[in-house]
Amino acid sequence: MRVFRRGIVPLGISAAAVPSLAIAADWDPATASSNFGIFALSDLQLAERKITVTRIGELELPTGEILACDPLITDDDWPALARRVKPGRYPVTLFEAQGRVAAAFLRFRSGVPVRWELALLPGQDVSTLNGDEIFGYPVDAGLGSFMDKAAMALMTAAQNKLKPDQNYYDDVLAAEFAPNQDRFVMHHPDAGNPVNIAMFWSGWGDGFYPSFWGLDAAGEPVVLMTDFGVLENADGRESDPAK
């Protein structure tokens, strides 16, 4: 699945702070996000740009096969990302700005990514993209997520146990989201099972959002980030309409 987005020109961060980009064919990841430089910013710089960093917990990845998706409109047919990671537990963090979850990322190792690539599903090829086309995932329930493939099977089983007049958000998730002002939750679809799902607001709501792998010099994943289109040029400050 692909959609068109306007092109974005990275501005406002020094060239030294912006990691290089992994480019396939003529398609440039910078057309889909201007926010890769956010990982090079200090705490002070993040505060100046009105970006809050919120750590929400660790994600259990028993298979290392990751789904990035709207968890309430996705089922077992949705494939895991083509790139796999080593099974383990990895921290999930949100960048928040303008009262929204601006981006979510899953960190696999310390450090700042030196290059970036679009996160793809099996069979997708960035060389087929033109201009500001992207691959990503659709959101229709106002939520994004990271989860292991095994977690989707557990949530599907839990959904199948609901009564006809029940729905998963109102009858299961709402009470878990509430303590976090409905912004995020680390949800366990099978009580007592360590496998969990990181769920979070998707920026301004429904839409179509890309995810990106931030890689180290050896090509190994440092982070997986979903950009929800709230930040621009790694800056969370609202633009002045008078300018």
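A salt bridge is taken here as a side-chain nitrogen of Lys or Arg within 4 Å of a carboxyl oxygen of Asp or Glu, and a search of the whole structure, which is a predicted model, finds seven such salt bridges. In general terms, side chains of opposite charge can pair when their charged atoms come close.

One of these salt bridges joins the side chains of E58 and R89, with a distance of 3.2 Å from N to O. Because E58 belongs to strand 2 (residues 52–61) and R89 to strand 4 (residues 88–97), the pair ties together parts that are 31 residues apart in sequence. Both partners are partly exposed, E58 with a relative accessible area of 38% and R89 at 44% relative accessibility. The pairing belongs to a network of salt bridges in which E58, E60 and R89 are linked.

A further salt bridge is formed by R83 with E117, whose closest N and O atoms are 2.9 Å apart. R83 is placed in the loop between strand 3 (66–68) and strand 4, whereas E117 is in strand 6, so that parts 34 residues apart in sequence are tied together. R83 is partly exposed, with a relative accessible area of 23%, and E117 likewise counts as partly exposed, at 24% relative accessibility. A corresponding arrangement is found for R100, which lies over the face of W201 at 5.8 Å from the ring centre.

In the salt bridge between D216 and R109, the closest N and O atoms are 3.7 Å apart. D216 lies in the loop between strand 13 and strand 14 (221–227) and R109 in the loop between strand 5 (100–107) and strand 6, so this pair ties together parts that are 107 residues apart in sequence. With a relative accessible area of 19%, D216 is buried, since the limit for that class is under 20%, while R109 is partly exposed, with a relative accessible area of 36%.

As regards the chain as a whole, three helices and 14 strands are present, and 49% of the 243 residues count as buried. Among contacts with a separation of 6 or more, 76% are accounted for by residues 24 or more positions apart.

Aromatic pairs number twelve. The rings of F36 and W116 are stacked, because their centres are 4.5 Å apart and their planes stand at 15 degrees. This pair links distant parts of the chain, with F36 in the loop between strand 1 (2–4) and helix 1 (43–48) and W116 in strand 6 (residues 115–118), 80 residues apart. F36 is buried at 4% relative accessibility, and W116 is buried with a relative accessible area of 0%. F36 also pairs with F212, the ring centres being 5.0 Å apart and the planes at 80 degrees, so that this pair is edge-to-face. The link again joins distant parts of the chain, F212 being in strand 13 (residues 211–215) and 176 residues apart from F36. F212 counts as buried at 0% relative accessibility. These three residues, together with F39, F95 and F105, form one aromatic cluster.

G144, in strand 9 (residues 143–148), is buried, with a relative accessible area of 0%. Beyond neighbours within four places in sequence, the contacts of G144 include C69, P71, Y137, A198 and F228.

Methods: Residues numbered from 1 in each chain as written. Predicted model: local features only at pLDDT ≥ 70, side-chain atom pairs only at ≥ 80, totals over all residues. Heavy atoms only, no water. Helix = DSSP H or I, 4+ residues; strand = E, 2+ residues; numbered from the N terminus. Buried < 20%, exposed > 50% of the residue type's maximum accessible area, 1.4 Å probe, protein only. Contact = heavy atoms within 4.5 Å. Phe/Tyr/Trp six-rings, centres within 6.5 Å; stacked < 30°, edge-to-face > 60°. Lys NZ or Arg CZ within 6 Å of the ring centre and 35° of its normal.
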